[in-house]
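Morning, everyone. Please have the sequence and the structure open on your screens. I will walk you through a few spots.

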Amino acid sequence: MDKIKKLLAEKLERELQSQTRRHFIQSCASGLGGLALGSLVGCQAPKPKGMQLSERDLNPLSAAAPPFAPKVQSVIYLHMAGAPSQLEMFDYKPELVKLHNQECPESVLQGRKFAFIRGRPNLLGPQAEFEQSGESGNWVSDYLPHFKQVVDEVAFLKAVHTDQFNHGPAQLFMQTGSPRLGRPSIGSWVTYGLGSENQNLPGFVVLTSGGKTPDAGKSVWGSGFLPSVYQGVQCRSKGDPVLYIEDPKGMSRSMKRKLLDAINAINQEDFQHYADPEILARINQYEMAFRMQIEVPEVMNINEEPEYIHQLYGTQPGEESFANNCLLARKMVEKGVRFVQLYDWGWDAHGTGESTAIDLGMKDKCTEIDRPITALLTDLKQRGLLDQTLVVWGGEFGRTPMQENREGKTQSYKGRDHHVDAFTMWMAGGGIKKGASHGLTDEIGFSGVENKVSVHDVHATILHLLGFDHEQFTFDFQGRPFRLTDVEGHVIREILS
């Protein structure tokens, strides 16, 4: 009750302040400055009193229809932070096997810059054994024995390229369309455009594994210049799924409801006075947080899943793991979450030690994701969810066909340097051509030679499958319309069904 009295006293004080001459003059001065600043930075002004508000004004996360008929309703994006080596997973190069340990030709290195390679390194053959799998005959290495069972569900992009060879900027570019801070992540764009099907859960959920967050930090799931309601909500697969999800000791559910009703009543009066839709958004967020306390613990609880599901995914309830996160991703899209982003850290394969060697540490990382990813695609399919879900897999760049010789010195472990010219991604689910393979790299896997695609092309394709024309899907900021794909990007129609 003391808190309620305090809130009411603060409300009364604000009302009295608004009636004083000093407050009136101050508001006029700051209001004119705010109008001028708003015209410069592209802020959206409150709607005048009496103007009818849309459902989106009242609830920024209310479900909205895309401009065109979508192929999918939700996205699960699996990002391998650190950049896995495509040459040990999907891009088989027999010629590189023959050239193993030979000095790299000068013509390949001429005019190229690398993060750590110096001088003329030796070529490094693939450290995994490959075979053609499924009816599609796509190449998959023995690092991923389970994945071979679902290879016919996916479409490979074998010649993706980027222009960022440092982890932080490259991750930002892959997730926001820009290597610099301040742009909205792809998950934020999607929830801004489509809202959420489940009003008791966030529209954009983030799950991490590997012990660390990506090098670019939480900006990779930030909302940038979009309203903050569209940023990703990070949940944890170990401990409380969201910090402070439980009420403090002594705070009952009914008491929390009364407190929330009092706060909302004050906000409603403020809205009647100022007609600012952001106040309504604040009310909506308070209500969502209240509802999340009931639904989030339930959807984040994998203990009640049947034993065969735990066997399928290889999950370990109570632990933080990529397997647990894959199962949680399925549960979330099943509950109507729009965009689920999984980040798995630990894919930096420089060969500076055992954990980063492509024949040791990276092989272990492949073992960690192989079974869960196979289970995710299998589980979505058997539940009828794969046709309405898009699953995307990839890193921020690729790996060189040369062995890393950090500062020109031969290393004890086998590793590969950062590489921007060509790497592999794949997509599966609704609207994707099963078993397709688009793009081709040269005989050693250094450069794309056929059907090269950019990061912007990948983004354009994801938005297309969700029902958006990436060139028309914009948000006005700083005096011009911005879009996820900037001024580039083409839909990769060759992998669409």
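**Two loop residues and a strand**

Let's start in a loop. Gln 478 lies in the loop between strand 16 (475–477) and strand 17 (480–482). Keep in mind that this is a predicted model. Gln 478 is not a glycine, yet its phi is positive, about 55°. Is Gln 478 buried or partly exposed? Its relative accessibility is 48%, so Gln 478 counts as partly exposed. The cut-off for exposed is over 50%.

Next, Asn 101. You will find Asn 101 in the loop between helix 4 (94–98) and helix 5 (106–109). Asn 101 is not a glycine either, and it has a positive phi of about 75°. With 49% relative accessibility, Asn 101 counts as partly exposed.

Now to strand 4. Strand 4 covers residues 154–161. Why do we call strand 4 largely enclosed by the rest of the structure? Because 7 of its 8 residues are buried.

Which strands pair with strand 4? Take strand 11 (residues 423–429): it pairs with strand 4 in the antiparallel sense, over 5 bridges. Within strand 11, Phe 423 is the bridge partner of Val 160.

Then come two parallel pairings. Strand 12 (residues 437–438) runs parallel to strand 4, joined by 2 bridges. Here Phe 156 has Ser 437 of strand 12 as its bridge partner. Strand 15 (residues 453–454) also runs parallel to strand 4, again with 2 bridges. In strand 15, the partner of Val 160 is Val 453. So look at Val 160 on your screens: it has a bridge partner in strand 11, Phe 423, and another in strand 15, Val 453.

Notes:
Residues are numbered from 1 along each chain as its sequence is written. This is a predicted model: local features need pLDDT of at least 70, side-chain atom pairs count only at pLDDT 80 or more; totals for chains, interfaces and linings use all residues. Side-chain values use heavy atoms; hydrogens and water are left out. Buried means under 20% relative accessible area, exposed over 50%, partly exposed in between (1.4 Å probe, protein chains only). Helices (H or I, at least four residues) and strands (E, at least two) are DSSP runs, numbered from the N terminus. Two strands pair if DSSP finds at least two bridges between them.
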